[in-house]
Each structure stands twice: as C-alpha cells, then as structure tokens.
Amino acid sequence: MKAAVIVFPGSNCDRDLAVAFRDAFGAAPAMVWHKETALPEGLDVIGVPGGFSFGDYLRCGAIAARSPIMDAVSAFARKGGPVLGICNGFQVLIEAGLLPGALMRNAGLAFVCRDVALKVETASSPFTAEYREGETVTFPVAHHDGNFVADSETLARLEGEGRVAFRYQGSNPNGSMNAIAGILSENRRVLGLMPHPERAADPALGGADGARLFRSLAGAAVS
Amino acid sequence: MKAKIHVTLKPGVLDPQGEAVRHALGALGFAGVEAVRQGKYLELDLAETDRGAAEAAARAMCEKLLANTVIETFRVEIE
C-alpha cells in the first residue's frame, strides 16, 4: 500500500503520521514537500499532517492550502482517493475547499492539549470501517483553532448525510458547533479531524484507539 | 496604488477574541463598550496604476486568499 504525507514548513506531526502509516500499511510513506507539483504514481492514500504550517500566518492552514502541491491533492481527492487531514491538516483541507465550514479560535481562547473522548458517529468511510458506530474512543487534541463553524444549511447537510465522523463526548474542548470533531466530504473519501489518531496509534503512546483508523485505510485499499 | 483592506467577521459569527477584549476594557474601567469585533487590516502596494483594475485585483485577492468568505467579509479602499 502506497501512502504520501505532505510536508509544509511548520508541519510537526508529519513523522508521527509517517510512523502510523508505516505500521498500518507495512511500508514507509513518501514524504512530499509542499513545493512539488506532482504526487508519486499509484498512491492509495494521502495524509496532511498537523503542525503550524507557515506559522499559522493569515489564518491557520490558509497559506498551505494554496501551496503548489495542493492542486494535485485536490485532483486526487476528486478522483476518489482517500485524503486524511489531522489538526492543522484539517484546517488546510477546509481552506483548500475540500471540506466545508471553517475552524475558528477555540471558544475558551486557550490552547487545548489533552485526551478527549470521541464518539464514532459513522463506520461507513474508508477511515472508520474498523470502528463500531456509537463507540467511544480516546484521542489527544492539541490546538488553538479547532472551533468548527458552518452555516445552518451546511450543518444540516453534514448531519443529514451522516458526514460527522467523530463528535466530542462530555465536555466540548473548543466550542465546535454540534460538538463536531471530524467531518467527511460528500464522497466520504476526505476526512478532516482535530484530534490526533496518530498520537494514539500504539500502546506505548498511552493509547491505541487511533490505530484502527489507519487499519481501516489499509483494509479499504485491499477491498 | 495602495490597497487598504479590512477583513472582519461576518455579522452573527461569534467572536470570542473580541468578547475577551470587551471584558478587558470593562475591567480597565472603560464603561459602555457594548461590543467588540476584532479583524485584520492589510496594506498592499500595487504596481497597477488604474484605480478600477487595482480594486478588481484586490477584491480577487480577498476572495482567493486574504479573507475566508465562509466567516469573513472584506472592504477594499484604493488610494
């Protein structure tokens, strides 16, 4: 299985994501610098990692979303290739127009860094097939701008089409509308989420609930 | 020409930072600040010499990058 991780100046979860991909897929992913204009041939999945791309200048993810490589990432997603955006990667995918809504400053204004309980809202996606719908998993969050906002029409569509993949359980760490932690694109092939499954992908990291997200991707590529 | 661009949150979009500023102003004794909306201000020096073309270019820049039109509006002044 062939994966790529897009790397921007200021990405800092790219290597963690590469390890999670490697463990689940059995091969190290290609690390693709943002200035590239083409992706490696025959890719099965793309990861857009967390971090502080371009120092969060202008808006989180805004500059990265206009990087040269992003045209190829968008084309890959439009053809149905799975694209996973975590934290800053989620912000990048929203800014690139691959996912709807916006991610604003946390309602409490503080940077939130802790484990959160998440409800898996759908198992029907290449990212969540290995989870049970309705089960609770624990991933860490670490962000300042994860407050998901969308107009009421978009929100109703996301809910109606079962495109909320993960929802915060218990306390909402950032004020997200409907406690949304992660959403799917219309074709369910793009997932963006604020919590970090790659930081919970091995028991040595304090939890392994995130490993199934990567195993789901491995299964989706085989089937 | 110079383009002066104000980017602000759309009405109705909650602005937790503006709200925190309003609280701080109140704590400093500035009474009667009923609302604060925080935004961004950008100044662009443009090679363009035609006013209309400069404004059209600046507006396109706002649509494409400088503002997130899901949550923000912008205002362009050309000098």
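# A guided look at chains A and B

Guide: Chain B averages a pLDDT of 96, and 100% of its residues score at least 70; pLDDT is the predictor's confidence in each residue, from 0 to 100. This is a predicted model, in which local features need pLDDT of at least 70 and side-chain atom pairs count only at pLDDT 80 or more, while totals for chains, interfaces and linings use all residues. Residues are numbered from 1 along each chain as its sequence is written, chains are lettered from A and ligands numbered from 1 in the order in which they are written, and side-chain values use heavy atoms, with hydrogens and water left out.

Visitor: What does the model score for ipTM and pTM?

Guide: The ipTM is 0.86 and the pTM is 0.94.

Visitor: How many residues does each chain bring to the contact?

Guide: Chain A brings 13 residues and chain B brings 16 residues; contact means heavy atoms within 4.5 Å.

Visitor: And how much area do chain A and chain B bury?

Guide: About 1100 Å² is buried between them, 69% of it on carbon and sulfur atoms. Buried area is the accessible area (1.4 Å probe) that two parts lose on being put together, summed over both. L58(A), R59(A) and M104(A) supply 45% of the area that chain A buries against chain B, more than any other three residues.

Visitor: Which side chains meet in a salt bridge across the interface?

Guide: The rule finds one salt bridge there, between R59(A) and E72(B) at 3.9 Å, N to O. The term requires a side-chain nitrogen of Lys or Arg within 4 Å of a carboxyl oxygen of Asp or Glu.

Visitor: How many salt bridges are there over all chains?

Guide: The structure holds 17. Among them, R22(A) pairs with D23(A) at 3.2 Å, N to O, and R157(A) pairs with E186(A), with the closest N and O atoms 3.1 Å apart.

Visitor: Changing topic, which residues have the most contacts inside the largest nonpolar core?

Guide: They are F21(A), L84(A), F148(A) and F166(A), in a core of 67 residues. Such a core is a set of buried (under 20% relative accessible area, 1.4 Å probe, protein chains only) Ala, Val, Leu, Ile, Met, Phe, Trp, Tyr and Cys residues joined through side-chain atoms within 4.5 Å. A second, separate core of 14 residues includes L44(B), L46(B), V76(B) and I78(B).

Visitor: What does F148(A) touch?

Guide: Not counting residues up to four places away in sequence, the residues touched by F148(A) include F90(A), I94(A), L155(A) and M177(A).

Key. Buried < 20%, exposed > 50% of the residue type's maximum accessible area, 1.4 Å probe, protein only.
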